[in-house]
Amino acid sequence: MKHLTKICAGLCLGLLAACSGGEDSSNSQTAVLKELRTVVKENRKSRKAPATKFQITRAILDLQTVGSLEVTVESTNQTAYLIPGAFRTDHLPGKIAVWRTITGENVVLRDGVLISTRGLGRDLASSDASASLRAIKARGNGGGERRMQVRNDVNGAFDLLLQCETAVVGNESIDIIELRFQTLHLRETCQSTLGTVRNDYWVNQSGKVLQSRQWAGPDLGYLKIRLLK
Amino acid sequence: MPLHRTTFQAFTLKTAKRIAVMCAAIAMTGQLASADEKSTRLLHKNQPSQNFYGLPGLIDMPSAEALPDGQFAVTLSYFAGISRNTITFQATPRLTASFRYAGTKDFNIGGFVDYRDRSFDIRYLAVREKRYMPALAVGLQDFAGTGIYSGEYVVATKTFNNPLSLPGTIKVTAGVGWGRLADGGVFDPARPRFTGGTSGSNGGSPSYDTWFRGKASPFAGIEWQVNDRLGLKLEYSSDTYDREVRQGVLERKSNVNFGAEYQYSERVRLGAYYLYGSEFGINAQIQLNPRRALNPLRISAPRAVVVRPTRKANPEAWRTDWAQSASAPTQLRDLLMPELQNQGLKLYALSVTASSAELRFINQRYQSDSIAVGRAARSLARILPPSVETFKLVIVQNDLPVSLVTIRRSDLEALEFQPDAADALFAVTGFGDATPQLVGEVRPEDATPKFSYSIGPYVDPSYFDPDKPVRADAGIRAAASYKFAPGWKLAGSIKHRLIGNIGDSTRTSNSVLPRVRTNGLLYSQGSTTRLSQLYLSKQWKPGNSTYARVTAGYLEQMFAGVSGELLWKPSASRLALGVEANYVKQRDFDGAFGLLDYTVATGHVSAYYEFGNGYHGQLDVGRYLAGDIGGTVTLTREFRNGWAVGGFFTLTDVSSADFGEGSFDKGINLTIPVNWFLGKPTQRTISTTIRPIQRDGGARLIVPGRLYEQVRGAQKKALSSDWARVWE
């Protein structure tokens, strides 16, 4: 036992001393330990300095030359402010906007409806937004089938088929960083084998989704999304 | 009895377990799954608890339950000086397999005070539980060991949710046991004495001549999962512990055992029990599923595919005269290199024409080559002039251009945000074999030479020595490799032991065969500093779907010599065929350059086959290190994220008497991808081979850089099973 303790102590010392270089990806204990060390270090660093929530004001937003999207992952209560990465149209209805953080996370919306996330882990790989977009465009009741593909931990994605119905909740005024907007609150209720999920959209007069709460899959859960600018 | 030595490729199972426990502790701080997450999360409610033998069951008795498919359970149990450490794997939805290392303190049998033994179990779920039908399973316990736990059972289990308005779930189990699980135990005179099949007293062979023989006894029990955390168990045991009672290991006053279990987290369950009316016992169960990572992989998002302006909108951009310029390929190469570098890829070679480009690249970051293919295609779309429509992507593994993936640029542009983007792209992507040479290629100026090194700690464990079940050596290891020309590699490593007790063993080899593996102890004692490897290798592609390798030098700790290999593996084929020939001399025990007198020509013809659904088979037939002739069968269950669990056995013309304990060579391979723990992209893996015992028969040479595993990861089968990641 004493021997093993010594070996463990040696290994811990070694962990501090391990080094490697060059381009060849080696699979030695050293390389694995080095990687483990990096992650432990990063975790310690992020525990020491938890991200302070950035207080955003309209004045700051006005100084920005590009758009801004606020996304909060409900399950972790983490908020990020995203900037536009790319805008795109394809043969499907709705304009695609790729919003990104500087740390490599993406949220992709098609006219405000979530179609993909990246860099969050167990991401929403892709999603069909047609039914939701139709209902939003019609400012009310509608529905249809939605398909989502959610990434799993075995390099694949599983299909989720949702039966969705959208209904009007009512007119609501919402506040987004010092500005008040008159919106129509729509709720899309979807049934799947995993149970019921609800997506909420707050849509302005011209049909733009200003604020939403959308489900991104069983692991990511709900994202709260606000279009700040 | 010889020193039981295991071979190790990279890391130790023990260390892996330690990391697993550590990571599990980190994971525990996260929240438990909510109700609508059943399909992807392992709800602990759905996973059966383990018994003292580490299989789904009650306390000392089995149940008819199976683990979720692919699940691992590590169980440590202890009572009355009897410890059992078991790894169980749900190999298929119905087949459960276990490997156990058990010890009994002060047993005083077979010449040992403390008796330690390894054993294998299998269980087959014959009937799944239905509304009115219980689940029905048949199990063989310790079916190939020296037999102290050997027993068979047929058992039924039925689950009742909220019975009699009680909270939670009640499982009722009843069964019939033979051998260990019957009155009279394995020494029941009506049961044939274990002879190890045809193998004399060496154990290790299926003891089918004793299965379901002798007296049969009933057993039964109830498990009540009161709520998410608390479980209660009560059983009537049919194990009479005759031998243990006789040897004074325990007093058996009752047939009834009971206890309580606490689900500490999704993966960890702890239990405390009162057994046989006289003993307290404890049990710790850890369950892991390769499908559920400890930390989900998070990969920094790629930039959106750059879409070309239409030809109509910008005809100027679509001109093709750039391709006439002699400097175009080098200019494009220089623009592509940093772009690829950002994505963890390295440009190996590039060839461009006005309408198509072939990029040969090395994936330096991702476990999944599909991610690398997707990112390489994005890089090409960002850099290449609009007229280039066809992207040919070739993944290069250690200078072997493996497979060719052909993607149309317009598909890449059109499909990125489609609802079924990955499937849609797959349908229009071509897969084939890469040619050995690329016509008109430009390579980076610094293509060769490449020098790599690493210095760091190492641990070499050695298991199952009856005197000390876990031994280890630890110290510093330095390794370096130098690639001085395409396909050529000079590599070596040195180990310096700082501490360890492997050499303290007194169990020298008793083998009657040439001692090709059982001299491990002499090597450990030989020197504190040793040259582990020093070799020169060259690998190349003779044809589009053939691969070749020649290696010479100090190939492994015990042998030096030359090795040649040829592999046929077309990208789209499930079957691969290989042939390997080696001529080696045994190395001196001092770990320096010296050689001993023993020389052998060894080699194999190999067939590899991908059965689908992650099942993989390999058959090697040939001559082994001790000069014995025979074959090795390996069956592996692979998960797409890099987890692999396999079992192998080797039968040769060496008789089981000559082979010694264990009768023939067999073992378990386990590979775990490091990104499964870390959640960060990396290609590193932890892998280990566990042998119940290492003898000289059926021993294969260890050769660095065998071709098959280098090649197939980047081929069509692997790419298609990971294709969902291509847009990531």
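Student: Which residue stands opposite Lys346(B) in β14(B)?

Tutor: Ile362(B) stands opposite Lys346(B) there. Strands here are DSSP runs of E, at least two residues, and helices are runs of H or I, at least four residues, numbered from the N terminus.

Student: Okay, and what kind of model is this?

Tutor: This is a predicted model, where local features need pLDDT of at least 70 and side-chain atom pairs count only at pLDDT 80 or more, while totals for chains, interfaces and linings use all residues. Residues are numbered from 1 along each chain as its sequence is written, with chains lettered from A and ligands numbered from 1 in the order in which they are written.

Student: Back to β14(B): how many bridges join it to β13(B)?

Tutor: Seven, and the two strands run antiparallel. Two strands pair if DSSP finds at least two bridges between them.

Student: What order do the strands of that sheet have?

Tutor: It's an open sheet of five strands, β13-β14-β15-β16-β17 of chain B, with mixed pairing. β13 (345-352) and β17 (430-433) are the edge strands, each pairing on one side only.

Student: Which helix packs on β13 and β14?

Tutor: Helix α3 (residues 328-342) of chain B touches both, and its direction makes about 155° with that of β13(B). Helix α4(B) lies across β13, β14, β15 and β16 of chain B, at about 135° to β15(B). For those angles, axes are lines fitted to C-alpha atoms, for helices over the stretch in contact, and angles run from 0 to 180 degrees between N-to-C directions.

Student: Switching topic: what does Leu380(B) touch?

Tutor: Setting aside neighbours within four places in sequence, Leu380(B) is in contact with Ala357(B), Leu359(B) and Phe391(B). Contact means that the C-beta atoms of two residues, placed from the backbone, lie within 7 Å.

Student: And the two chains, how many residues does each put into their contact?

Tutor: Chain B gives 63 residues and chain A gives 62.

Student: Which strand gives the most on chain B's side?

Tutor: That's β18(B), with 10 residues. The chain B side divides into 31 nonpolar, 16 polar and 16 charged residues. Nonpolar covers Ala, Val, Leu, Ile, Met, Phe, Trp, Tyr, Cys and Pro, charged covers Asp, Glu, Lys and Arg, and the others, Gly among them, count as polar.

Student: What does β18(B) pair with in chain A?

Tutor: Strand β1 (residues 19-21) of chain A, antiparallel, over three bridges. The bridge partner of Cys19(A) in β18(B) is Ile455(B).
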